[in-house]
Each structure stands twice: as structure tokens, then as C-alpha cells.
Amino acid sequence: MRIIILGGGLSAISLALFLQDKENIDKITLLEKEENAGGLCRTFETNGIEWDVGPHIIFSKDKEVLSFMNQSLEENNKQHRRSNRIIHDKRFIQYPFENDLSKLSEYDKFVCLNGFLHNPYENYPAANMLQFFLRTFGEGITNMYLRPYNEKIWKFDPAFMDTQMVERIPRPPKEDIIKSAAGETVDGYTHQLYFNYPKNGGTEALIKSIVQKLSDKVEIVTGAEVQAVEKRSGKFVITTDDKTYEADKVISTIPMDQLVDMYSTEAPVPVEVKDCAHALKHNSIAICIVNVKKDFAGDNYAFMVADRSVIFHRISKLDFMGERYHLPDTVTYMAEVTYRADDIYDKMSDEEMEKLVVNGLERIGFIESHEDVNFTKTKRFDYAYVVYDLMHKQNTSKIIEYLAREGIDVNGRFGSFAYLNMDAIIRQSINLAAKF
């Protein structure tokens with residue numbers, strides 16, 4: 001059997017690894033449009049600083065997957081204690097927000113505590129993300145942090161998003177919220193309390209380590225953007241910009257909406273399937289690297305910012321990860337700005353965006369003035385976040401069912417159009433490979 005995997009990110013590379021020893025598979029070819037494999041797990045360099053597409057870290061409750069990632073990195077691996085903060089009113093609030101209410105002003109603390117203890121929404125079912133937040137945390141915590149933060153990251157009103165992203169969040173006991181307001185801070189999400197990260201090479205070091213384990217049975221073709229996928233007499237013909245490939249089986253990790261648009265067979269793709277694909281929503285992201293003269297972040301890594309007047313929703317202090325991510329006598333931040341096609345941020349130049357990012361750093365107290373900035377660098381990525389709008393599950397289910405009937409499997413964040421972290425992607429690859 002000859003398999004072609006569309007795409008060359010973590011989902012494609014890990015799947016190839018788990019498939020390569022199958023006796024019924026003769027050849028596996030990955031077609032990646034970029035010049036380097038890795039997808040959203042690539043690492044870039046600016047003035048000697050290595051940085052990722054957002055703060056990728058290595059952790060998981062899945063012990064098998066966690067062991068796989070850590071063993072893949074071998075000696076190029078370092079453990080860190082997670083130190084994430086929420087910046088509210090220039091105060092550092094421990095993440096998650098509800099675990100550290102005592103850091104708020106007296107007024108804000110009263111609003112959050114009172115809204116939680118006397119919550120008129122707690123007995124209602126939650127049909128969307130906003131209703132879930134109100135039911136679970138009350139109006140104070142929702143309106144002060146959860147609602148504005150999620151509006152910033154998703155660029156979509158939480159009232160029109162479903163609960164897939166949040167339904168696993170437990171409702172905190174009242175006694176824990178009371179203790180939080182009184183000053184008894186506890187560590188939340190303890191499975192994420194410690195994480196690993198490569199000493200050198202950023203997240204792409206994990207990709208490179210997996211690629212090194214691939215056998216001669218696996219071929220990675222870069223610079224090969226897929227233009228068409230056609231099924232002819234039970235076989236697949238894949239056309240890139242300069243070559244045609246044939247396969248017995250196709251597995252797609254490229255964006256699901258793009259796959260539907262480029263797919264053809266003897267019978268036309270059903271209109272309702274195309275309509276579902278065109279209705280899928282995603283966010284793009286701009287990563288802005290800002291190197292500054294002074295450190296106002298302390299020994300912390302990531303900072304969430306719900307303030308609507310600040311363009312970024314999160315910044316990460318790259319120096320936290322070690323010397324390879326630090327320039328002497330400076331601090332380097334990675335700011336994330338999400339956007340959608342044709343919105344104001346999409347039409348904004350990199351220079352305009354960098355100016356607003358620097359303004360945001362000044363507003364939250366991470367620089368004193370623009371004079372503190374040494375250099376900036378911005379890079380954009382089209383497909384970054386899956387948006388779980390109210391029709392997401394219905395649309396993706398219909399598309400996946402159709403593709404399965406055609407003999408096409410999907411894998412990965414945008415292949416399956418699901419918000420999957422690295423560990424979930426690897427687990428998905430393990431499970432899919434087991435079916436062969």
C-alpha cells in the first residue's frame with residue numbers, strides 16, 4: 001500500500017513514524033507546501049533568539065505521549081516550573097484567575113466573590129461558551145476576565161461559540177473561591193505545573209528528533225503545495241504545483257476546508273458538504289518579537305491580558321526558557337495577536353502592529369517608553385486557531401463522514417479542524433495508525 005499524507009506538520013510526521021513499521025505499507029510520502037517541515041511547530045530565529053509560533057510547551061496527562069515527547073528530545077530537554085500570570089490593572093494574578101482573587105483591588109475582589117457566591121445563572125443549562133462562564137463563575141469573574149480575554153483570542157463573541165473548549169473546566173467549590181479571596185492561593189491545573197522544553201532549537205527540535213527516526217520508507221517532500229486531490233477508479237491522484245503523485249490511501253492534515261475545495265471524484269462533492277466546509281471558521285495569528293532593555297516580568301513565563309485596549313492577548317518571556325533564548329542585558333517578549341481575514345489587524349502593516357504591541361507593553365508596565373525597545377520582528381501564520389462556533393460540530397461531522405466514505409482519513413489540528421495541542425495530536429496519530 002502506498003500512502004500519501006497531505007501536510008508536513010507534527011500530525012503528519014508523527015503519523016508517518018507510527019505507520020512506517022506496518023507490513024502492509026510500502027511507501028509513505030508527505031507533501032508539505034513550506035520549505036521546512038513542522039507546521040505550527042516550526043522555530044524561527046531573530047538576532048540570535050529562537051522563538052516558536054506561540055508558547056509551545058511539553059506536558060500531558062497522557063503518560064505514554066509525554067514519555068514519547070521527552071524521550072524524543074533525549075538530553076536536549078529541560079524541566080521548568082510553570083509560572084503563568086494574568087495581568088489585570090497592572091497586577092500579577094496567578095493563573096487561573098479564580099484561584100488568586102486576593103491580588104485584586106478591594107472593589108474588584110468584592111465584585112468577583114459576590115458574583116460567584118450569589119450567582120443567578122448557576123442552575124441554568126449552558127448552550128454556549130458565555131452561558132457556561134456565567135453559570136460556572138458568575139458575572140464578576142466572567143465580565144472582568146473570561147469574557148474579554150476570550151473575545152480577544154477568538155475574535156468571536158462567546159455567545160456564538162459552543163462549549164467544546166470549556167466543558168471540561170470544573171466548577172470550583174465555594175469554599176475554594178472564599179479562600180482565594182482571603183489570600184489562600186493554590187496551584188491550579190496541577191498536571192501542567194511542570195513542563196519540559198528543549199534546551200536548544202525551540203519546539204522544532206521535537207520535530208527534527210522525530211524525523212530522524214523515520215525510515216527509508218518515508219519521504220518528506222517540501223515546497224510541494226497540493227493543488228488537487230482526485231479519486232479515479234479507487235486510486236488517488238494528487239497534483240502539486242509541479243508534480244503528480246499516485247496513492248492507494250490519502251490522509252489529510254491540511255486545513256479541512258481547503259481539502260474539500262480541491263477534492264474531486266466521479267460524483268461531484270455534495271453541495272451540503274461544500275457549504276459546511278465554507279462555514280468553518282479559523283483565526284490567523286501574528287507573532288511579534290519585541291526585545292527590550294529592562295525586565296519588569298520577573299521569573300514568569302506567559303502573561304494573559306484581557307484589557308481590550310491592548311492588542312495582544314498573551315505575551316511570553318522567552319528568556320524564561322534558558323540561555324539559548326536570551327540576549328545579554330535584555331529581555332525578549334513574544335506577543336500574540338489573533339485576527340481573521342479582512343479584519344482591521346489583517347489589513348494592518350507589520351510596522352503598525354508592532355507599534356500597537358509596544359504601546360500595549362507600555363500600558364501593562366513592561367516598558368517605561370518606546371525608548372526601551374531594541375528591536376521588533378513580526379511573522380504571520382494563516383491557520384492558527386480553530387474557532388468552535390455554534391455550527392462547528394455539525395459542520396465538521398458532516399465533512400469527516402463524507403471524507404471517510406471516500407476513503408480519506410483526517411488528522412491533526414486543521415486536518416480534523418479541532419483545537420488539539422501537541423500531545424493530543426500525537427495521541428490522535430497513535431490511534432489512527434492502530435487502524436492500519
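**View 1. Strands E3 and E4 form a hairpin**. Two residues lie between the strands. In the turn, Asn47 has a positive phi of about 50 degrees. E3 covers residues 43-46 and E4 covers residues 49-52. The two run antiparallel and are joined by four bridges. Two strands count as paired if DSSP finds at least two bridges between them. Thr43 stands opposite Asp52 in E4. Helices (H or I, at least four residues) and strands (E, at least two) are DSSP runs, numbered from the N terminus. This is a predicted model, in which local features need pLDDT of at least 70 and side-chain atom pairs count only at pLDDT 80 or more, while totals for chains, interfaces and linings use all residues. Residues are numbered from 1 along each chain as its sequence is written, and side-chain values use heavy atoms, with hydrogens and water left out.

**View 2. Five strands make an open, parallel sheet**. Their order is E9-E2-E1-E13-E20. Strand E9 (218-221) and strand E20 (408-410) stand at the edges. Each has a single partner strand, so one side of each is left without a neighbour in the sheet. On average, neighbouring strands are turned by 20 degrees against each other, direction ignored. Within this sheet, four bridges join E1 (residues 2-6) to E13 (residues 249-252). Here Leu6 stands opposite Ser252 in E13.

**View 3. Helix H1 packs on the sheet**. H1 touches E1, E2 (27-31), E9 and E13. Contact means heavy atoms within 4.5 Å. The direction of H1 makes about 175 degrees with that of E2. Axes are lines fitted to C-alpha atoms, for helices over the stretch in contact, and angles run from 0 to 180 degrees between N-to-C directions. H1 spans residues 10-19, and nine of its ten residues are buried, so the helix is largely enclosed by the rest of the structure. Buried means under 20% relative accessible area (1.4 Å probe, protein chains only). Among the buried residues are Leu10, Ile13, Leu17 and Leu19.

**View 4. Helices H8 and H11 pack at an angle of about 130 degrees**. H8 holds residues 271-279 and H11 residues 392-405. Their axes are 9 Å apart. Glu272, Val273, Cys276, Ala277 and Ala279 in H8 meet Asn395, Lys398, Ile399 and Tyr402 in H11. These contact residues divide into six nonpolar, one polar and two charged. Ala, Val, Leu, Ile, Met, Phe, Trp, Tyr, Cys and Pro count as nonpolar, Asp, Glu, Lys and Arg as charged, and the others, Gly among them, as polar.

Notes
Buried < 20%, exposed > 50% of the residue type's maximum accessible area, 1.4 Å probe, protein only.
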